[in-house]
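Please keep the sequence and the 3D view open while reading.

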Amino acid sequence: MIAITGASGHLGKTTLDYLLTKTSPGSLIAIVRDPAKVADLTAKGVQVRTGDYNNPASLAASLAGVDQLLLISSSAVGEERVRQHTAAVQAAKEAGVKHIFYTSATNPSPDARFTPGIDHYLTEKALKESGLTYTIFRNNIYLDVLPMVIGNAAQSGKLYFPAGDGKVSFALRADMAEALANALTTEGHANKIYDIGSPVAWSFSDIADALTQNGTPVEYVDIPTSAYEAELMKHLPAPVVKVYSGMAEAMKHNDFNQPDTALQTLLGRPPVSLTAFLKNRD
Ligand SMILES: NC(=O)c1ccc[n+]([C@@H]2O[C@H](COP(=O)([O-])OP(=O)(O)OC[C@H]3O[C@@H](n4cnc5c(N)ncnc54)[C@H](OP(=O)(O)O)[C@@H]3O)[C@@H](O)[C@H]2O)c1
């Protein structure tokens, strides 16, 4: 049996959709906080169980009979997330789960500029120390977040962002989901760590060039991080601003410049490129 936490989220739901093309619905368990969000999965024959990262007992119960768990990282931040993930690993061990697949991030470290990378470092550590078989997907930044970063650059002709010349090996979330489904249904992934991103990396000047191909010239303007933070503070709470500005700072320092062929190998085809993703997008 394969169980997936975060099954109501974008990555979990898409992974389940791919799994349904590869294995029987009866061998799949979706773990969610709110079963109403995945009524379509119930209709397809997937078992839906309730589990909350903040309630380890509920997780342990939901993991009964599970062999492989895809632990999708929580949307919480900081210490709360580490506590949630650590409890989930412990609950899985107690429930007899044999193998955990975990969605981490590129270059996790105890002093990551992109602070979620600290949570991922600590979760990876807890997972390795659990003694369970693991497979870690160090997911790069989703291409899917780019429209939010780009804003109205295609209309204004200016792409303002504080990433300097830093490059990022962006990849499409749906490609990561397909790769996860492939890994969950094939052998050879025990105790492996995969850098999941594109086999090339792109700078923000490259992004401006790709947008320019759509017809209107777009220029990348590298702005100070402080100006970016001041703009975000108008719309978002301070802890969220810290995560976004940390992401930009990490991009500037090439922390996400991690080209790798693991995603391509797991997919058996090239992943969707930034250029293809931005083509004809306004
Ligand atoms: N690489 C990137 O660029 C990038 C970008 C954004 C996020 N991420 C990370 O990747 C993860 C998956 O991405 P996504 O796009 O699928 O995110 P998403 O759509 O926000 O999904 C997050 C999932 O986590 C579940 N969740 C949150 N708190 C929980 C809790 N206390 N107990 C149980 N489940 C909980 C949510 O459940 P509900 O439906 O009940 O809320 C949802 O299913 C995110 O959670 C985040 O850690 C990566």
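The report starts with the ligand site and then visits single residues.

**Basis**

This is a predicted model, in which local features need pLDDT of at least 70, side-chain atom pairs count only at pLDDT 80 or more, and totals for chains, interfaces and linings use all residues. Residues are numbered from 1 along each chain as its sequence is written, and side-chain values use heavy atoms, with hydrogens and water left out.

**The ligand site**

The ligand is surrounded by 21 residues. A residue counts as near if one of its heavy atoms lies within 4 Å of the molecule. The closest are Ser8, His10, Leu11, Ser73 and Arg173. By class, the shell holds 5 nonpolar, 11 polar and 5 charged residues. Here Ala, Val, Leu, Ile, Met, Phe, Trp, Tyr, Cys and Pro are nonpolar, Asp, Glu, Lys and Arg are charged, and the others, Gly among them, are polar.

Two helices each supply at least two residues of this shell: helix 1 (10-19) and helix 4 (79-95). Helices are DSSP runs of H or I with at least four residues, strands are runs of E with at least two, and both are numbered from the N terminus.

| Residue | Protein atom | Distance to a ligand oxygen |
|---|---|---|
| Histidine 10 | N or O atom in the side chain | 2.7 Å |
| Arginine 33 | N or O atom in the side chain | 2.8 Å |
| Serine 73 | polar backbone atom | 2.6 Å |

Taken alone, the ligand exposes 910 Å², and the protein buries 79% of that. These areas come from the Shrake-Rupley method with a 1.4 Å probe; for residues, only the protein chains shown count as cover.

The ligand takes up the space of the largest pocket. A pocket is an open set of points on a 1 Å grid over the protein atoms alone, where a 1.4 Å probe fits and protein lies on both sides within 12 Å along at least five of seven lines. A molecule sits in a pocket if more than half of its atoms lie within 2 Å of the grid points.

**Behind serine 73**

The side chain of threonine 103 reaches the backbone nitrogen of serine 73 at 3.0 Å. Threonine 103 is part of strand 5 (residues 99-105). Is threonine 103 buried or exposed? Threonine 103 counts as buried because its relative accessibility is 2%. Buried means under 20% relative accessible area, exposed over 50%, and partly exposed in between (1.4 Å probe, protein chains only).

**From helix 1 to strand 2**

The loop between helix 1 and strand 2 (28-32) holds proline 25. Serine 27 sits in that loop too. Proline 25 has a relative accessible area of 28%, so it is partly exposed. Serine 27 is at 17% and therefore counts as buried. The side chains of serine 27 and threonine 23 form a polar contact of 3.1 Å.

**Two asparagines with positive phi**

Asparagine 107 has phi near 50°, a positive value in a residue other than glycine. Its place is the loop between strand 5 and helix 5 (116-129). Asparagine 107 is partly exposed at 36%.

Asparagine 254 has phi near 65°, again positive in a residue other than glycine. This residue lies in the loop between helix 11 (238-252) and helix 12 (262-267). Its relative accessibility of 33% makes asparagine 254 partly exposed.

**Sequence distance and space**

Tyrosine 134 belongs to strand 6 (residues 133-139). Tyrosine 134 is buried, at 15%.

Valine 77 is in the loop between strand 4 (68-71) and helix 4. At 47%, valine 77 is partly exposed. Its C-alpha is 8.5 Å from that of threonine 115, 38 residues away along the chain.

Technical notes. A polar contact is a pair of N or O atoms within 3.5 Å; within protein, one must be able to donate a hydrogen and the other to accept it, and residues adjacent in sequence count only if both atoms are side-chain atoms. On a 1 Å grid over the protein atoms alone, a cavity is a set of points where a 1.4 Å probe fits but cannot get out, and a pocket is an open set with protein on both sides within 12 Å along at least five of seven lines; lining residues have an atom within 4 Å of a point.
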